[in-house]
Amino acid sequence: NITVLNLIKKIYVTTHYKSDLVEKIINKKKISNLLIIKEKKALGTAGSLKSIIKKSKSKHLLIINGDVFSKINYKKLIYSHIKNNSDITVCIKEHQIKVPYAVLAKKNNKTSFNEKPSIKKKINTGIYVVSVKFLQGFFKKNKHETIGMDKVLKNSNKINLFDIGKKWIDIGHISDFKRAFNEIREW
């Protein structure tokens, strides 16, 4: 029985914004299998993968955006990706948005208002597993330096979706970070 830690051989952290601060914090941890790749200019999530696949001997990469907290069964995620023979596995979760306004709807020339509705949608969590073989082919066709994951997704016909459940928080804003600090204690 393989554990997730046996599956992960190296950890790459790509930095650009506040890279010196990030590097200082990471280097204090003294993690032997962690390598920092400092971007001279922002390359986007996928753009940074170009340098990683040149250094990595892995068949698949687990990608986690730096502005999310999550609790995921990574073993199930990786096995789902491999079992489905996917180019990319995108982690998703159900997210509810409370609209603070009435929403206008028009159907058959009849107009109605839905007062402050809640909308449930599946969202991209910024966590992926990607086949290195697929990425190599992608980068042969796409020579741009800065590339977002959206462009990578548009170039794949074998996308797997993996629902990670409820334990995910975006920490893109300081208020989100404070909320995450309190919520994570309950996980």
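What is the volume of the second largest pocket? In this predicted model, the second largest pocket has a volume of about 160 Å³, whereas the largest pocket holds about 2000 Å³ of space. The protein contains 8 helices and 10 strands; these are DSSP runs, H or I of at least four residues for helices and E of at least two for strands, numbered from the N terminus.

Because this is a predicted model, local features need pLDDT of at least 70 and side-chain atom pairs count only at pLDDT 80 or more, while totals for chains, interfaces and linings use all residues. Residues are numbered from 1 along each chain as its sequence is written, and side-chain values use heavy atoms, with hydrogens and water left out.

**Overall form**

- The C-alpha trace spans about 60 × 40 × 40 Å along its principal axes.
- Of the 187 residues in the protein, 32% are buried (buried means under 20% relative accessible area, exposed over 50%, and partly exposed in between, with a 1.4 Å probe and protein chains only).
- The accessible surface comes to about 13200 Å², and carbon and sulfur atoms account for 54% of it (Shrake-Rupley method with a 1.4 Å probe; for residues, only the protein chains shown count as cover).
- Among contacts with a separation of 6 or more, 66% join residues 24 or more positions apart (a contact means heavy atoms within 4.5 Å).

**Pockets**

- A pocket is an open set of points, on a 1 Å grid over the protein atoms alone, where a 1.4 Å probe fits, with protein on both sides within 12 Å along at least five of seven lines; lining residues have an atom within 4 Å of a point.
- Grid points are joined across faces, edges and corners, and a volume is the space filled by probe spheres set on the points.
- The largest pocket has 49 lining residues, and Tyr12, Val13, Ile64, Asn65 and Gly66 lie nearest its centre.
- Elements that each supply at least two residues of this lining include β1, α2, β3 (60-64) and α5 (74-83).
- The lining of the largest pocket comprises 28 nonpolar, 12 polar and 9 charged residues (Ala, Val, Leu, Ile, Met, Phe, Trp, Tyr, Cys and Pro count as nonpolar, Asp, Glu, Lys and Arg as charged, and the others, Gly among them, as polar).
- Residues lining the second largest pocket include Lys93, His95, Trp168, Asp176 and Trp187.

**Nonpolar cores**

- The largest nonpolar core has 22 residues, and Leu49, Leu61, Ile88, Val130, Leu135 and Val152 have the most contacts inside it (a nonpolar core is a set of buried Ala, Val, Leu, Ile, Met, Phe, Trp, Tyr and Cys residues joined through side-chain atoms within 4.5 Å).
- To this core α6 gives the most, with 5 residues.
- Leaving aside residues up to four places away in sequence, Leu49 touches Leu61, Ile63, Leu135, Phe139 and Met149.
- A second, separate core of 9 residues includes Ile72, Ile127, Phe162 and Ile164.

**Positive phi values**

- Lys18, which is not a glycine, has a positive phi of about 55°.
- Lys18 is found in the loop between β1 (11-15) and α2 (19-29), and is partly exposed at a relative accessible area of 47%.
- Asn109, also a residue other than glycine, has a positive phi near 65°.
- Asn109 lies in the loop between β6 (103-107) and β7 (110-114), and counts as exposed at 71% relative accessibility.
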